[in-house]
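This report walks through one protein chain for a reader who has its sequence and structure at hand. Please look over both before reading on.

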Amino acid sequence: MSNFRLNGRSKGLGEVRLGEPSTEMGVISSAVIGLAKIGMLPFLVVLTISFLLFRYWKMRRTIGLMEKIPGLPGGLPFFGNAIELNVDHDEVFTRIASTRMLWGRKNGVCKVWFGSRPILCISKASAVEVILSSSKHIDKSEEYKYLHPWLGRGLLTSSGHQWHARRRILTPSFHFKILDHFVQIFVEQSLILRDKLSSQLDEEAFNIFPFITRCTLDIICETAMGRKVNAQTCFDSEYVQAVYKIGSIIQNRQSKIWLQPEWAFRLSSLHREHQECLRILHGFSTSVIQERKTELSNQNDLNLKGNGSLAFLDLLLEASNNGKCLTDEDIREEVDTFMFEGHDTTSAALCWTLFLLGSHPEIQNRAYQELRNIFGDDDRPPNSKDLASMKYLTCCIKEALRLYPSVPIFARNLNEDVTIAEYTVPAGTTALIIAYQLHRDPEQFPNPEMFDPERFMERDPTLHPYAYIPFSAGPRNCIGQKFALLEEKVVLSTILREYKIQSVDRREDLVLLGELILRPKNELKMKLQLRSDKLPLDHCAMKSLPFKSSRINKNVLKLSKPSKRYGL
Ligand code: HEM
């Protein structure tokens, strides 16, 4: 998942209060004053200048090669484009995307200097292919290191041989036969969500994001660890709060230059909160692993079909071969990685799909018609066959991921020189793949801003294989993509079968934040109506019908207790 953030004058993320920058700056300035008093300052100045000149001398080849690539002008020695990119938190993403659009149009690449680090922004399928198809450029960039304290060297953050070994062990856990076992969990949690959403029927408009995020968090906890955290019903779970908080701290660290050096971070008040989150998160996953190990040692083997308690954790324990292939700590890292990578991404994807469906009633209606044709008047939950039949809904999900990829930017560290178009990009450069921009290439997607699920109905032989990459591509693509698509279909179909949704905000009015995931700066407001007037079964499934409005029927609401209707 993208962890790339550029330095900006961020205003923080709301929930987590930052340690005042003045605290850290105060410590630094008292140290400098102390040194000045004992006459060390001139010495330090000479030392710093010598160090910078030495660095410049070492980088002369890189600078020479990068000079040939078009890019953001105005860079200063050692500061790079820090001044041009030092914009407000909510403008950083737009600034990067527009930089890419303004420079290097022909080949779809342009350069930016991030301090003394060269960055190559890429948004052309042919250039993306060079990086993502290669088995050499699989190492993640600097920005991922802030995830290490929580995720260790799990699949997302590891590199080289360790990544290869882990990927080989983990791939079978995402086999479609295994994923089928998770559908029941998706259904149960979707029904809780449907119930929770019913409280919003009378509301003028409400923010859909927190509802969906709590649902995806419940789903990932149960599928990854086999434990319920009840985020949807019990908001103050210590574990859930810690997941939110640590994500926020990591984002703050990535976006604030003074929090990036380890020593400075340790001096800030955020560090204490960060350590407290780690204590809770690691404590929880470690105890779940120990409990599960004890349970399993009392059974002879894993019972995949038996009691419904199957989780990724069980599969990892089996793959661990009693600690020979994976230690307990390795397992914890992977479980934590799934927790991190598996809920925010899916939540954003679901919210954006709902938003687009709510803005295009005719497309929503067509998706609903498809569901009517699959389920008729039957209120049964979806099974694997039903999910496979949701062709049009799948196209809606794919098209939403094109316009709003949950991971809008991801980054690789180039371990060796690479040739892109007519340029030699030097080793040590960060390749920044801007999926958000790539997905808007008019040569690949005519009329790119239009929400048109039809694009994905037929396989387009002219589409470049690297033109559409919401799950990344090549050897380091998303291991959870099938899981995510199944989950999305269950959640969306449950909502659409019950409610007619309407988006309140206009697309052009939304301010996008390209943080760890792509989200709107403000709320994503929606209105719901109960589908009390179910449309007649239409055998011409794919025919558009006009969007009909319906009155809210409160009596139907009373009868629609999900647990009874679905026998749960
Ligand atoms: C719509 C939902 C999702 C989207 C859009 C998405 C997207 C991505 C992307 C773009 C990457 C590459 C990130 C990078 O190179 O930095 C990635 C990697 C990864 N994703 Fe997902 N993801 C989603 C859901 C999930 C889920 C549900 C899981 C787990 C259950 C998951 C697990 C992972 C892991 C472990 C990696 C690292 C793979 C590796 O490096 O080998 N993802 N995802």
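## The chain as a whole

The model is predicted. The chain has 568 residues, and buried residues make up 45% of them. It contains 23 helices and 11 strands.

Contacts can also be sorted by how far apart their partners lie in sequence. Among contacts between residues at least 6 apart in sequence, 75% join residues at least 24 apart.

## The nonpolar core

The largest nonpolar core has 144 residues, and I122 and I434 touch the most other members. The element that gives the most to this core is α16, with 14 residues.

I122 belongs to β2, which covers residues 117-122. Which residues does I122 touch, not counting those up to four places away in sequence? They are G108, V109, A127, V128, I131, A431, L432, I433 and I434.

## The shell around the ligand

The ligand is surrounded by 24 residues, and the closest are G342, T345, C478, G480 and A484. The most comes from α16, which gives 7 residues. By class, the shell has 13 nonpolar, 8 polar and 3 charged residues.

C478, one of the closest residues to the ligand, is listed by UniProt for "binding site" in an unreviewed entry. Its place is the loop between α20 (435-438) and α21 (481-498). Is C478 buried or exposed? C478 counts as buried because it has 21 C-beta neighbours inside 10 Å, and the cut-off for buried is 20 or more. Apart from neighbours within four places in sequence, C478 is in contact with F471 and S472.

## Two residues with positive phi

Most residues other than glycine have a negative phi. S472, a contact of C478, has a positive phi, near 60°. N447 also has a positive value, with phi near 50°.

S472 lies in the loop between α20 and α21, and N447 is found in the loop between α20 and α21 too. Their surroundings can be compared by counting neighbours. S472 has 20 C-beta neighbours inside 10 Å and therefore counts as buried, whereas N447 has 8 and therefore counts as exposed.

Helix α19 has 13 residues, and 11 of its 13 residues are buried, so the helix is mostly covered. Among the buried residues are Y392, L393, T394, C395 and C396. The buried residues of α19 pack against α16, α17 (361-375) and α21. From first C-alpha to last, α19 reaches 19 Å, close to the 18 Å expected at 1.5 Å a residue.

M390 lies in the loop between α18 (384-389) and α19 (391-403). With 22 C-beta neighbours inside 10 Å, M390 counts as buried. Leaving aside neighbours within four places in sequence, M390 is in contact with E370, I374, K489 and S493. M390 and N373 are 17 residues apart in sequence, and their C-alpha atoms are 9.9 Å apart.

## Helix α14

Helix α14 covers residues 269-297. How far apart are its end C-alpha atoms? They are 43 Å apart, which agrees with the 42 Å that its 29 residues should span at 1.5 Å a residue.

The buried residues of α14 are L270, H274, C277, L281, F284, S285, V288, I289 and R292. An α-helix has 3.6 residues a turn, so residues three or four places apart point the same way. The buried positions can be read along the helix with this spacing in mind: L270 and H274, for instance, are both on the list.

## A loop between two strands

G115 is found in the loop between β1 (109-114) and β2 (117-122). Because G115 has 15 C-beta neighbours inside 10 Å, it counts as partly exposed. G115 and A319 are 204 residues apart along the chain, and their C-alpha atoms are separated by 43 Å.

Methods
Residues are numbered from 1 along each chain as its sequence is written. This is a predicted model: local features need pLDDT of at least 70, side-chain atom pairs count only at pLDDT 80 or more; totals for chains, interfaces and linings use all residues. UniProt positions are given in the numbering used here, feature names are shortened, and annotations may be inferred rather than shown by experiment. Helices (H or I, at least four residues) and strands (E, at least two) are DSSP runs, numbered from the N terminus. A residue is buried if 20 or more other C-beta atoms lie within 10 Å of its own, exposed if 12 or fewer, and partly exposed in between; C-beta atoms are placed from the backbone. Two residues are in contact if their C-beta atoms, placed from the backbone, lie within 7 Å. A residue is near a molecule or strand if its C-beta atom, placed from the backbone, lies within 6 Å of it. Ala, Val, Leu, Ile, Met, Phe, Trp, Tyr, Cys and Pro count as nonpolar, Asp, Glu, Lys and Arg as charged, and the others, Gly among them, as polar. The expected span of a helix is 1.5 Å times one less than its number of residues. A nonpolar core is a set of buried Ala, Val, Leu, Ile, Met, Phe, Trp, Tyr and Cys residues joined through C-beta atoms within 7 Å.
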